[in-house]
Amino acid sequence: MKITSFAKRLFLLVLVIAAPYAGAAEQVVPSPPQLAAKAYVLMDAASGEVLVQNNGDERLPPASLTKLMTAYIATLEIRKGQIGESDPVTISEHAWRTGGSRMFVQVNTQVSVSDLLHGIIIQSGNDASVAVAEHIAGSEDAFADMMNTTAASLGMKDSHFMNATGLPNPEHYSTAHDMARLARAIIYEDPAHYAIYAQKEFFWNNIKQPNRNLLLWRDKTVDGLKTGHTDEAGYCLVASAVRDGQRLIAVVFGTNSEQARAAETQKLLTYGFRFFETQTFYQKGAELAKSQVWKGATREVKAGLAQDLTLTLPRGQAKKLQASMTLNPQLVAPINQGDVIGKVEVKLEDKVVHTADLIALEPVEEGGFIRRLWDSIRLFFYGLFN
């Protein structure tokens with residue numbers, strides 16, 4: 001749609017964006033389940049919206065959930081080309097002596113980055129985690145600095161890491177909400193390596209160890225992520241599942257057994273899939289409107305979104321959504337690609353549930369002298385009479 005009236009200061013387009021879902025049945029959403037856990041969060045992966053939370057931002061010991069960050073950094077370094085999956089890693093005595101759950105690598109032997117990554121994710125090997133940390137950063141302490149820098153970049157504002165394993169340290173903590181954020185990054189940034197989290201067992205050094213995530217056996221829609229346990233932290237789990245195209249992330253801290261962490265996490269997933277739906281209404285980069293440009297080499301600029309417009313709502317509510325787009329009335333060249341030129345606002349009845357910037361999808365350079373002069377005159381009278 002083009003803006004053709006210069007006398008209008010605002011361009012307002014009301015769209016019923018959920019018309020295809022007008023036949024969806026409404027339903028009452030019951031209160032979420034109360035879990036026997038210190039903290040928990042249920043997040044929709046696509047939208048990042050938290051559907052259920054209890055003590056979600058309370059800082060708690062994460063135990064081996066820490067290894068999600070260790071593995072994330074390792075795969076990030078692989079994608080950057082800083083390390084290779086086939087690179088040999090020499091196992092130090094420090095890595096070999098690290099207590100707790102183990103991959104059973106041997107001191108002074110060499111193990112590939114790929115095998116160590118499997119040992120971290122599937123077997124929850126503390127020895128493998130330290131070996132990878134030393135390979136990437138030179139020491140576990142230096143790697144912990146990388147972990148904290150990476151956490152900050154992901155918005156994990158209530159997390160602080162002191163080691164690559166999750167072994168107890170009073171300054172080592174995270175939250176259910178932060179772990180959900182990290183899981184979301186792992187899932188979407190590197191789908192190829194995320195596939196490792198669904199593997200049920202790994203064989204190394206003549207020892208076959210199972211993945212401790214019991215939901216991989218109980219629920220075929222679950223494809224990750226990681227368990228954790230220490231006496232201090234209790235039994236923890238970050239899990240993700242996909243049903244009918246919708247992905248949820250459930251994080252549970254501080255249950256009292258392996259069985260309990262699986263059962264409590266399953267309650268969250270069941271509730272989320274039963275009572276919520278997620279829909280992407282507009283794709284990033286798609287042209288949603290065109291706006292008049294003054295003093296430009298071209299007369300129009302395409303407007304769209306920098307990110308997908310994805311919403312998570314109670315089932316049956318999508319049909320009530322309405323979106324309005326407001327474009328700036330006086331866009332003057334030059335305009336850079338990505339410049340904010342308007343806003344999208346989505347309402348559910350009278351409540352605003354989402355806002356997003358409309359951006360220029362293409363640059364517009366200044367026009368020639370005559371066009372700029374003529375548009376200056378037009379803008380003068382436009383402002384005079386409006």
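Q: Contact means heavy atoms within 4.5 Å; leaving aside neighbours within four places in sequence, which residues is Leu 331 in contact with?
A: This is a predicted model, where local features need pLDDT of at least 70, side-chain atom pairs count only at pLDDT 80 or more, and totals for chains, interfaces and linings use all residues. Residues are numbered from 1 along each chain as its sequence is written, and side-chain values use heavy atoms, with hydrogens and water left out. Leu 331 sits in strand S16 (strands are DSSP runs of E, at least two residues; helices are runs of H or I, at least four; both are numbered from the N terminus). Skipping those neighbours, its contacts are Ser 291, Gln 292, Val 293, Trp 294, Val 301 and Ile 341.

Q: What is the mean pLDDT of the protein chain?
A: pLDDT is the predictor's confidence in each residue, from 0 to 100. Still, 91% of the chain's residues reach 70 or more, and the mean is 89.

Q: Is Leu 331 buried or exposed?
A: Buried means under 20% relative accessible area, exposed over 50%, and partly exposed in between (1.4 Å probe, protein chains only). Leu 331 comes in at 6% relative accessibility, so it counts as buried.

Q: Which residue in S16 stands opposite Val 293?
A: Two strands pair if DSSP finds at least two bridges between them. S12 (residues 289–294) is joined by two bridges to S16 (residues 331–332), and they run parallel. Across from Val 293 you'll find Leu 331.

Q: In what sense do S12 and S13 pair?
A: S12 and S13 form a hairpin with five residues between them, and Lys 295 in the turn has a positive phi of about 60°. Ala 289 stands opposite Ala 303 in S13. Over four bridges, the pairing is antiparallel.

Q: Why is S12 described as largely enclosed by the rest of the structure?
A: Look at its residues, 289–294. S12 is largely enclosed because of how many of its six residues are buried: five.

Key. Contact means heavy atoms within 4.5 Å.
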